[in-house]
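Please look through the sequence and the model shown here before reading on.

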Amino acid sequence: DYQRRVDLLRQDVGTRVAAVQDSLARSIWSVDPAGTRLLLAGLATMPGVAQLELRTLDEERLVLGRAPERTLARMGFALQHPDAAQAPVGSLQVVLDDADIRARVFARLRAVAIATALVVGTGCLFIFLLYRRLLVRHLE
C-alpha cells in the first residue's frame, strides 16, 4: 500500500508540474515574479510536496517550503520556453515528503486493527454465551 501511494504521488506531481511547466517558463521569460510565485504556490499546496526550488539561467533562486527531515524523492524538471524554439529558462526541483503517505497508511492500519479487534471480540463473546448456555443447560 505504501509503495503504491508513493508511485501515485510521483505520478501526480509529474502530471501537475507538466500542466504548469509552459506557464512557469513563460512567466520566467517575461520576468513576471508575481505570476511565477503564484504558480509555485499552487504546486507547493499539493500533498506530499515539501519544497520547491526554482533556478533561472541568471542564477536566481526561489525556494518555497522547507526541506523535510526524511526526503522521499527529488524530482527535477527542465523549464523551456514553448514559443521561443524551446529555449531553456531554468529548472524546477521538487522535494517530496512521505509524511502524508505515512499518516494515511497508519490511519488505515488503525482502522484495520479496530475492525479486527471488534470481530475477534464479538466472536469471543458469542463463544462465551454459547458455552454458558450449554453449561447452564447441563447443570439443570
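## The sheet

Two strands are said to pair if DSSP finds at least two bridges between them. Helices (H or I, at least four residues) and strands (E, at least two) are DSSP runs, numbered from the N terminus. The model is predicted: local features need pLDDT of at least 70, side-chain atom pairs count only at pLDDT 80 or more, and totals for chains, interfaces and linings use all residues. Residues are numbered from 1 along each chain as its sequence is written, and side-chain values use heavy atoms, with hydrogens and water left out.

Four strands make up an open sheet with antiparallel pairing, in the order 2-1-4-3. Strand 2 (61–65) and strand 3 (71–81) each have a single partner strand and stand at the edges, so one side of each lacks a neighbour in the sheet. On average, neighbouring strands of this sheet are turned by 15 degrees against each other, direction ignored. For such angles, axes are lines fitted to C-alpha atoms, for helices over the stretch in contact, and angles run from 0 to 180 degrees between N-to-C directions.

## Strand 4 and its partners

Strand 1 (residues 49–56) and strand 4 (residues 87–97) run antiparallel and are joined by seven bridges. Strand 3 and strand 4 are also antiparallel, with 10 bridges between them. Gln93 of strand 4 is the bridge partner of Glu53, and Gly76 stands opposite Gln93 as well.

Eight of the 11 residues of strand 4 are buried (under 20% relative accessible area; exposed means over 50% and partly exposed in between, with a 1.4 Å probe and protein chains only). Strand 4 is therefore largely enclosed by the rest of the structure.

Ser27 belongs to helix 1 (residues 2–29). Ser27 is buried, as its relative accessible area is 7%. Neighbours within four places in sequence aside, Ser27 is in contact (heavy atoms within 4.5 Å) with Asp32, Gly35, Thr36 and Leu39.

Glu59 lies in the loop between strand 1 and strand 2. With a relative accessible area of 62%, Glu59 is exposed. Most residues other than glycine have a negative phi. The phi of Glu59, however, is positive, near 65 degrees.

## The pockets

On a 1 Å grid over the protein atoms alone, a pocket is an open set of points with protein on both sides within 12 Å along at least five of seven lines, where a 1.4 Å probe fits; lining residues have an atom within 4 Å of a point. Grid points are joined across faces, edges and corners, and a volume is the space filled by probe spheres set on the points.

The largest pocket has a volume of about 370 Å³. Its lining has 16 residues, of which Ile28, Val31, Thr36, Thr56 and Glu60 lie nearest the centre. Helix 1, helix 2 (33–44), strand 1 and strand 2 each supply at least two residues of this lining. By class, the lining has eight nonpolar, three polar and five charged residues (Ala, Val, Leu, Ile, Met, Phe, Trp, Tyr, Cys and Pro count as nonpolar, Asp, Glu, Lys and Arg as charged, and the others, Gly among them, as polar).

The second largest pocket holds about 200 Å³ of space. Among the residues that line the second largest pocket are Arg4, Asp12, Pro47 and Arg104. Helix 1 and helix 3 (99–139) are the elements that give two or more residues to this lining, and helix 1 gives the most, with five.
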